[in-house]
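Subject: Structure handover

Hello,

Here is the structure I promised you. Please open it alongside this note, and my findings follow below.

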Amino acid sequence: MLNLSFVQRKRLARGAGLALLLGSVLLASGCASLFGVKQKVKVPPLLTPLVNAGTTQLINEINRLASVRSLRGKIDIQFQDTSFAESGLAEKYRTADGTVYLQRPGQIYLKIQAPFVGTNIAEMTSDGERFRVAVLQGDEKFRRFVSGTNSAQYKQLSVNGDAAPNKNSKGMNDKRAVSVLSNLRPQHFTDALLIRPILPRDESGLVYARSEAYEEEADARDSAKKGVRVVRGYYVLDELAPGGETGARLLRRFWFDRVGGIRLARLQTYDQNGALMTDVIYSEPKNFGENASLNLPSRIEITRPQDLYKLSVTYQAPEAVVIDKQYDPTVFVLENKWQLPEVNLDTKNSGK
């Protein structure tokens with residue numbers, strides 16, 4: 001062990017202090033160059049205030065919307081064929097008038113008409129088990145009556161070969177329009193417009209998990225300028241069923257807008273393999289019914305990525321919508337009163 005004199009120890013301490021001081025100066029200089037403010041950048045602002053809610057409150061909001069037993073009203077409906085989405089193309093059809101009857105469980109009657117003239121384009125029903133679609137538009141050779149089972153999966157139904165997206169002839173457009181209508185499934189409307197309630201766990205066997213999410217998106221507020229982006233806070237509620245490779249699988253995912261209140265903004269549904277089946281956006285809440293007794297979304301956008309179409313539904317007059325009236329089950333079973341050529345997808349699928 002070195003035996004240093006007092007003077008030597010003092011010199012070493014002075015040198016160590018000087019080295020420490022020099023290191024501190026260099027470190028401070030380095031931090032300033034690395035983390036010093038060079039310029040201010042504009043980022044999308046977070047919308048506030050954000051409302052807090054527990055899982056029970058979110059479930060109560062879903063069940064409030066699901067308390068509606070039936071609806072009848074006039075709607076604007078627009079279809080978008082996304083068959084060519086991979087090539088960056090989509091075909092958006094003109095907005096049509098519609099009359100819709102909805103009743104639990106899973107019943108719907110929908111009539112689609114050309115605006116102003118009132119010519120019938122299509123009618124479709126689902127009684128909760130089977131669907132029927134009558135295509136009444138276009139040349140006689142394109143008209144048809146399609147039926148099938150709600151729970152079955154079918155391939156896209158073509159019309160003598162679908163038209164290419166860059167064709168502009170009337171015949172080609174008629175083919176595409178009829179193809180889109182033939183492949184619409186009325187039960188997709190019922191699941192989006194009449195949300196299924198959340199039952200107690202001892203009845204359903206399902207569990208729910210709540211989480212937070214923040215999404216950068218276009219500012220949809222009325223006062224927003226064009227092109228402005230914002231960050232919106234959400235609660236995400238996952239509906240999980242036991243099973244699958246990991247012990248649970250996702251059935252439904254609910255998105256709740258938290259800005260200024262709690263509002264169901266989006267609903268996604270998934271198949272057995274976790275593939276996205278339906279993506280529904282809810283917006284423009286308004287008071288429905290003669291007494292304005294129920295606040296519901298007046299605009300609903302439904303995307304079916306597997307079925308290659310998107311459609312938008314907007315209630316024309318929410319205050320005129322009839323709520324919770326009981327309709328005869330025969331309303332939701334469409335008959336082929338036009339004597340159209342029939343296409344039974346169950347028979348077609350079996351190869352008969």
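Which element gives the largest share of the lining of the largest cavity? Strand S13 does, with 3 residues. Keep in mind that this is a predicted model.

The overall picture first. The chain has 352 residues, and 39% of them are buried. Its secondary structure comes to 6 helices and 16 strands. Take the contacts with a separation of 6 or more: 54% of them join residues 24 or more positions apart.

Now back to the cavities. There are 2 of 30 Å³ or more. Three elements each supply at least two lining residues: helix H4 (186-193), strand S12 (276-288) and strand S13 (294-304).

Next, the largest pocket. Its volume is about 1000 Å³. The lining counts 36 residues. Closest to the centre are Asn150, His188, Asp191, Arg196 and Arg304. Which element gives the most to this lining? That is H4, with 5 residues. Strands S10 (248-257) and S11 (263-270) each supply at least two, as do H4 and S12. Note that H4 and S12 also each supply at least two residues to the lining of the largest cavity.

You will find Glu123 in strand S5, which covers residues 120-126. Is Glu123 buried or exposed? Glu123 is buried, yet it has no salt bridge. The nearest side chain of opposite charge is Lys111, 4.5 Å away. A salt bridge here needs a distance within 4 Å. What the side chain of Glu123 does have is a polar contact of 3.1 Å with the side chain of Tyr109.

Which residues surround Glu123, leaving aside its neighbours within four places in sequence? Tyr109, Leu110 and Lys111 are among its contacts.

Then go to H4, which lines both the largest cavity and the largest pocket.

Best wishes

Key: Residues numbered from 1 in each chain as written. Predicted model: local features only at pLDDT ≥ 70, side-chain atom pairs only at ≥ 80, totals over all residues. Heavy atoms only, no water. Helix = DSSP H or I, 4+ residues; strand = E, 2+ residues; numbered from the N terminus. Buried < 20%, exposed > 50% of the residue type's maximum accessible area, 1.4 Å probe, protein only. Lys, Arg positive; Asp, Glu negative; His and termini not counted. Polar contact = N/O pair within 3.5 Å; in protein donor to acceptor, adjacent residues only side chain to side chain. Contact = heavy atoms within 4.5 Å. 1 Å grid on protein atoms, 1.4 Å probe; cavity = no way out; pocket = protein on both sides within 12 Å on 5 of 7 lines; lining within 4 Å. Points joined across faces, edges and corners; volume = space filled by probe spheres on them.
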